[in-house]
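Let's take a walk through this structure together. Have the sequence and the 3D view ready, and follow along as we go.

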Amino acid sequence: MKNNKNDKQINAPGIKEIKHAQKVLSLLKKEYPEVKCALNFISPFQLLIASILSAQCTDERVNIVTKTLFNKYKTPQDFISVPGEELEKDIYSTGFYKQKAKSIKECCKVLISQYNSVVPEDFEALYKLPGVGRKTASVVAGNAFGIPAIAVDTHVKRLSNLLGFIDSADPEKIEYKLKELFVPEDWVNLSHYLATHGRNICFARKPNCPDCVISDFCPSSQA
């Protein structure tokens with residue numbers, strides 16, 4: 001996998017690339033028929049906060065924290081009203097708690113001042129919120145509002161390279177390449193399929209290739 005600033009521009013995929021991608025997707029669909037967002041939430045606002053907390057943290061840990069957090073903080077105003085030190089303590093175990101607490105508070109201020117405390121149903125608007133990158137905006141847009149989007153987390157990034165979809169470490173280039181390989185109707189769940197497979201089978205340190213349903217179509221497993 002290349003990991004430098006000189007990645008070539010991503011070219012439009014050919015028929016062979018598209019067929020390869022579709023075969024991989026069809027097998028993952030059969031393997032994980034009940035795939036869904038790994039973060040627990042009951043509203044777009046909860047998903048937004050959980051997604052901010054998920055940076056450099058496992059979804060499992062975030063779910064443990066938000067189970068209590070969302071009982072204490074129910075609205076953007078709740079997050080703004082609490083002292084920063086208290087919020088930091090509440091989210092401490094997710095890591096980078098000081099920056100995350102700051103981002104959450106700033107994000108909530110914008111939600112209140114510009115959107116009447118309602119999470120906007122628009123990718124670009126989400127992306128402009130404090131503390132929200134493309135991955136978080138994609139998670140919320142896709143899973144809360146059903147807007148076609150691809151969230152590139154560490155699993156999606158790694159598997160996209162291992163499977164030969166792309167040779168790049170740039171999440172944004174990976175996102176756009178995947179959008180060329182797959183139809184919009186599959187974008188949201190594609191992130192879930194790749195992330196689920198990364199957690200269950202294609203481990204970063206030692207992929208379990210013998211039990212992998214897509215090993216025959218993975219260049220890395222044939223190396």
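Is Arg-199 buried, partly exposed or exposed? With a relative accessibility of 27%, Arg-199 counts as partly exposed, since buried means under 20% relative accessible area, exposed means over 50%, and partly exposed is what falls in between (1.4 Å probe, protein chains only).

Before going further, a word on what you're looking at. This is a predicted model, where local features need pLDDT of at least 70 and side-chain atom pairs count only at pLDDT 80 or more, while totals for chains, interfaces and linings use all residues. Residues are numbered from 1 along each chain as its sequence is written, and side-chain values use heavy atoms, with hydrogens and water left out.

The chain has a mean pLDDT of 93, and 95% of its residues reach 70 or more. Residues 1-8 are another matter: pLDDT stays under 50 there, and the model has 14 contacts beyond four places in sequence for this stretch. Contact here means heavy atoms within 4.5 Å.

Back to Arg-199, which forms a salt bridge with Asp-59, their closest N and O atoms being 3.6 Å apart. Arg-199 lies in helix 11 and Asp-59 in helix 3, so this pair ties together parts that are 140 residues apart in sequence. Asp-59 counts as buried, at 18% relative accessibility.

Searching the whole structure turns up eight salt bridges. One of them joins the side chains of Asp-186 and Lys-29, at 3.1 Å from N to O. This pair, too, links distant parts of the chain, with Asp-186 in helix 11 and Lys-29 in helix 1, 157 residues apart. Asp-186 is buried, with a relative accessible area of 13%, whereas Lys-29 is partly exposed at 33%. Glu-175 is buried, with a relative accessible area of 2%. Elsewhere, Lys-72, Glu-86 and Asp-90 are linked in a network of salt bridges.

While you're at helix 11 (residues 184-200), look for Thr-196. Thr-196 is buried, with a relative accessible area of 13%, and beyond its neighbours within four places in sequence it is in contact with Tyr-32 and Val-35.

Now for the inside. In soluble globular proteins, nonpolar side chains tend to be buried together. A nonpolar core is a set of buried Ala, Val, Leu, Ile, Met, Phe, Trp, Tyr and Cys residues joined through side-chain atoms within 4.5 Å. The largest one here has 35 residues, and those touching the most other members are Leu-48, Ile-49, Leu-69, Phe-79, Leu-87, Ile-104 and Leu-129. Helix 2 (44-53), helix 3 (59-72), helix 6 (97-115), helix 7 (123-127) and helix 8 (134-145) each give two or more residues to this core. Helix 2 provides the largest share, seven residues. Apart from this core lies another, of 27 residues, among them Val-156, Cys-212, Ile-214 and Cys-218.

Finally, the rings. Rings of Phe, Tyr and Trp (its six-membered ring) pair if their centres lie within 6.5 Å; planes under 30 degrees apart count as stacked, over 60 as edge-to-face and the rest as tilted. The whole structure has five aromatic pairs. The rings of Tyr-73 and Phe-79 are stacked, because their centres are 4.6 Å apart and their planes lie at 20 degrees. Tyr-73 is buried at 3% relative accessibility, and Phe-79 is buried at 0%. Ring pairs also link Phe-45, Tyr-73 and Phe-79 into a cluster.

Definitions and conventions: Helix = DSSP H or I, 4+ residues; strand = E, 2+ residues; numbered from the N terminus. pLDDT = per-residue confidence, 0-100. Salt bridge = Lys/Arg side-chain N within 4 Å of Asp/Glu carboxyl O.
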